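Biologist: Could you put the model up, so that we can go through it piece by piece?

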Amino acid sequence: MRLSVAAVAIGVVGAAALAAGTIFLSRAHAESQIERGKYLVTLASCNDCHTPGFFLGKPDMSKYLGGSDVAFEIPGLGAFAGRNITPDEETGIGNWTDEQIATAITTGKRPDGRQLAPIMPYHAFSYMTKEDVAAIIAFLHSIPAVKHEVVGPFKPGEKNTLFTFRVLPPGETVAQAPK
Ligand code: HEC
């Protein structure tokens with residue numbers, strides 16, 4: 001008899017602790033969605049391909065995620081620079097809905113129907129949980145809008161005005177580093 005009273009008491013205390021824990025966790029979660037997004041954006045290297053100067057060794061953090069100045073040339077497809085993904089309405093994604101941003105990140109489809117070049121790692125990002133995609137979007141909403149029009153994409157044969165990563169055929173001479 002005593003034992004079962006103790007067991008009930010422990011059960012009640014346990015349930016209370018669990019409830020408190022759940023409340024604590026959900027509150028912590030609500031407060032940290034943007035922080036979680038920042039963490040994911042940092043780990044997923046969005047900064048590398050979407051901040052100007054990064055590939056030239058001097059990322060311009062005053063234009064964080066404001067669009068790259070270095071393109072990737074993909075044989076047969078064209079040359080593509082990481083676009084402005086800040087909330088700027090004219091040159092960024094400020095006019096996109098959360099749904100449109102999520103679709104672009106996880107399927108590569110832009111609101112205008114164009115399929116993004118696969119150098120944007122949407123194939124990998126398609127494995128992200130809905131919560132993580134939502135956290136990334138919340139973080140993207142929270143960063144300063146940067147006015148910066150990314151040029152391109154350039155079609156094969158078109159004149160490209162950006163520094164560019166190019167895939168060369170085997171047998172080419174290694175280029176000298178600029179002094
Ligand atoms: C390896 C380079 C690379 C990485 C890493 C990368 N992106 Fe991209 N992203 C690109 C390129 C290049 C484009 C443009 C492709 C095109 O125009 O077809 C792009 C396009 C986009 C677009 C569409 C914007 C538009 O105006 O069309 C969004 C949104 C986007 N990226 C978000 C992200 C986010 C968020 C991350 C990190 C979770 C990320 N990208 C990581 C290279 C990258």
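**Burial and overall fold**

Modeller: Of the 179 residues in the protein, 22% are buried, where buried stands for 20 or more other C-beta atoms within 10 Å of a residue's own, exposed for 12 or fewer and partly exposed for what lies in between, with C-beta atoms placed from the backbone. This is a predicted model, in which local features need pLDDT of at least 70 and side-chain atom pairs count only at pLDDT 80 or more, while totals for chains, interfaces and linings use all residues. Residues are numbered from 1 along each chain as its sequence is written.

Biologist: How many helices and strands does the protein have?

Modeller: There are six helices and three strands, and along the sequence they follow the pattern α-α-α-β-β-α-α-α-β. Both kinds of element are DSSP runs numbered from the N terminus, with helices (H or I) of at least four residues and strands (E) of at least two.

Biologist: OK, the strands then. In what order do they sit in the sheet?

Modeller: The order is S2-S1-S3 in an open sheet of three strands with mixed pairing, where two strands pair if DSSP finds at least two bridges between them. S2 and strand S3 (163-165) are the edge strands, each pairing on one side only.

Biologist: And which sense does each pairing with S1 have, parallel or antiparallel?

Modeller: Strand S1 (residues 70-74) pairs with S2 in the antiparallel sense over four bridges, whereas S1 and S3 pair in the parallel sense over three bridges. Ala71 has a bridge partner in each neighbour, namely Ala81 in S2 and Thr164 in S3. S1 and S2 also form a hairpin with three residues between them, and Gly76 in that turn has a positive phi of about 85°.

Biologist: Switching to helices: at what angle do H2 and H6 pack?

Modeller: Helix H2 (residues 33-43) and helix H6 (residues 130-142) pack at about 95°, with their axes 7 Å apart; axes here are lines fitted to C-alpha atoms, for helices over the stretch in contact, and angles run from 0 to 180 degrees between N-to-C directions. The two helices are therefore roughly perpendicular to each other, a label for angles of 65 to 115 degrees, with under 35 counting as roughly parallel, over 145 as roughly antiparallel and the rest as oblique.

Biologist: Which residues meet there?

Modeller: On the H2 side they include Arg36, Leu40 and Val41, and on the H6 side Asp132, Ile136 and Phe139, contact being defined by C-beta atoms, placed from the backbone, within 7 Å. The residues of this contact divide into seven nonpolar, three polar and three charged.

Biologist: What about Ala102, which residues does it touch?

Modeller: Ala102 lies in helix H4 and touches Val133 and Ile137, not counting residues up to four places away in sequence. Ala102 and Ala134 are 32 residues apart in sequence and 7.6 Å apart in space, C-alpha to C-alpha. Ala102 is partly exposed, because 18 other C-beta atoms lie within 10 Å.

Biologist: Last topic, the ligand. How many residues surround it?

Modeller: The ligand is surrounded by 26 residues, the closest being Ala44, Cys46, Cys49, Ala117 and Met120, where a residue is near a molecule if its C-beta atom, placed from the backbone, lies within 6 Å of it. Helix H3 (46-50), strand S2 (78-81) and helix H4 (98-107) are the elements that give two or more residues to this shell, and the largest share, four residues, comes from H3.

Technical notes
Contact = placed C-beta atoms within 7 Å. Nonpolar A, V, L, I, M, F, W, Y, C, P; charged D, E, K, R; others polar.
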